[in-house]
Amino acid sequence: MADSNNHNSRSRFRIAPVFMFRWEESQQAYVLMYPEGIVKLNTTAGEILTRCNGTNTVDDIVHQLSELFSEQPEFIEPRVHQFLEVCHGKGWIQPQS
Amino acid sequence: MAKAGSNLNLDGQGNPVWLLLELTYKCPLKCAFCSNPTDLDDHQDELTTAEWKTVIQDARKMGAMQIGFSGGEPTLRKDLEELVAEANELGYYTNLITSGIGLTRKRLENLKKAGLRHIQLGFQSSDPQTAHWLAGVDCYEKKVNMAREIKALGFPMVLNMPISSLNIHQVPDIIDLAADIGVEYLELANVQYYNWALVNRDQLMPTREALETAEAQVAEARKQLGDKMTIFFVIPDYYEGRPKACMNGWGSIHLTIAPDGVVLPCSQARSLPGLDFPGVRDHDLNWIWHESESFNLYRGDNWMKEPCHSCSERELDFGGCRCQAMLLTGDAANADPACSKSPHHHIVQEAVTRALATKQDHKKLIARDVGWVPTKV
């Protein structure tokens with residue numbers, strides 16, 4: 001696995017193929033499923049991961065979230081980067097090559 | 001297999017999350033540790049394709065998200081691809097739990113097209129002769145070939161290796177084999193003693209020293225392999241002193257459907273005497289889960305006796321396994337005797353002592369001899 005700190009604002013991520021990410025009506029939440037496991041995500045985490053579609057850059061995600069939550073991009077940016085690092089470390093997402 | 005809890009950070013909010021379909025009890029192997037019932041021939045009236053689809057749809061409506069296609073050997077059902085496609089379209093994460101016997105490149109391709117997400121491949125050993133002893137059939141080469149085909153098609157894969165006295169000394173070789181095949185997850189699951197494995201307990205029980213050696217070997221391999229492969233080492237509860245959080249509690253998140261449509265809190269529950277589990281041919285699945293007596297019997301903690309009822313760990317392990325409590329103490333409401341706090345814990349300790357005093361010899365293994373169907377290996 002690549003160093004989780006090597007992404008930048010132009011990086012693009014997508015959900016790793018082992019995982020299935022989708023909205024689950026019965027839980028009213030986004031869920032991430034993998035062999036023998038399920039992670040239920042909070043609203044912010046779900047909104048970030050749903051944008052990891054291989055097309056959005058990290059910068060795009062920051063701007064979309066700042067609009068969605070009516071927060072300054074400067075407030076959102078470090079939090080998005082931090083969450084993506086965690087996701088990358090867990091193998092949930094992969095850099096789009 | 002009775003699961004030692006599942007990986008999740010959500011609760012089912014009273015609904016099933018995990019659906020396990022035992023499509024058939026038939027199998028081309030005769031594993032001496034098989035978790036299927038020992039009176040298999042009584043339960044051979046399998047659900048039809050249409051009946052299975054109704055189960056898949058009904059459980060999804062109730063909130064189930066993970067589905068496992070198991071058996072016996074699920075690939076013996078020719079409608080497997082059709083059922084996987086149905087589950088995939090409904091949004092399940094689809095898992096196939098197979099011996100690999102009965103799979104072909106063509107079927108794997110069709111399963112991929114049907115939307116199968118993940119395959120758990122059961123293995124017996126890294127050594128062909130040992131594998132033959134444990135499975136009762138010469139199948140090693142076919143399994144390795146299938147494992148490579150599965151990876152060639154890009155499926156994520158768990159290699160599941162039930163661990164017993166016969167193969168525990170092979171752990172480093174097993175890890176090398178899994179790494180060579182390129183699996184993402186290796187599950188070294190110490191055999192749990194139900195059904196056929198209970199019949200063969202004296203022959204299968206490893207020594208504590210062998211377990212400690214294997215654990216050290218796993219720790220070393222984890223360091224070497226880094227995040228290339230995740231190794232799960234499922235501790236045998238007979239040695240652990242703590243009971244497993246079996247199925248995350250009775251009727252909590254797990255729903256198992258037996259080949260004939262009988263609905264169970266876990267695949268071993270059928271071995272509990274005196275319990276009449278309803279089937280989907282006679283009752284609505286939603287009613288069975290929420291209302292039936294059998295699903296409510298050991299739900300929550302009101303049923304618990306001491307020492308469970310006042311135990312600070314009762315919300316962690318739910319009193320362990322009801323089936324094991326019944327099999328070893330004669331009352332499913334007793335604490336699982338694997339727990340060191342159980343007044344029956346000596347039964348487990350005595351079983352270990354007796355097994356280790358037995359001269360272990362593979363020729364004494366009793367093969368699962370019912371429900372076997374010859375298949376070209």
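Tutor: Lys26(B) touches Gly72(B), Glu73(B), Leu76(B), Gly371(B) and Val373(B), once residues up to four places away in sequence are left out; two residues are in contact if their C-beta atoms, placed from the backbone, lie within 7 Å. This is a predicted model, in which local features need pLDDT of at least 70 and side-chain atom pairs count only at pLDDT 80 or more, while totals for chains, interfaces and linings use all residues. Residues are numbered from 1 along each chain as its sequence is written, and chains are lettered from A, and ligands numbered from 1, in the order in which they are written.

The loop that holds Lys26(B) runs between β2 (18–22) and α1 (49–62) of chain B (DSSP runs numbered from the N terminus: helices are H or I of at least four residues, strands E of at least two). Because 22 other C-beta atoms lie within 10 Å, Lys26(B) is buried (20 or more count as buried, 12 or fewer as exposed, and values in between as partly exposed). Between Lys26(B) and Glu187(B) there are 161 residues in sequence and 24 Å in space, C-alpha to C-alpha.

Turning to the chain contact, 20 residues of chain B meet 15 residues of chain A. On the chain B side, the elements giving two or more residues are β1 (7–8) and β4 (93–98). That side comprises eight nonpolar, nine polar and three charged residues (nonpolar: Ala, Val, Leu, Ile, Met, Phe, Trp, Tyr, Cys and Pro; charged: Asp, Glu, Lys and Arg; polar: the others, Gly among them).
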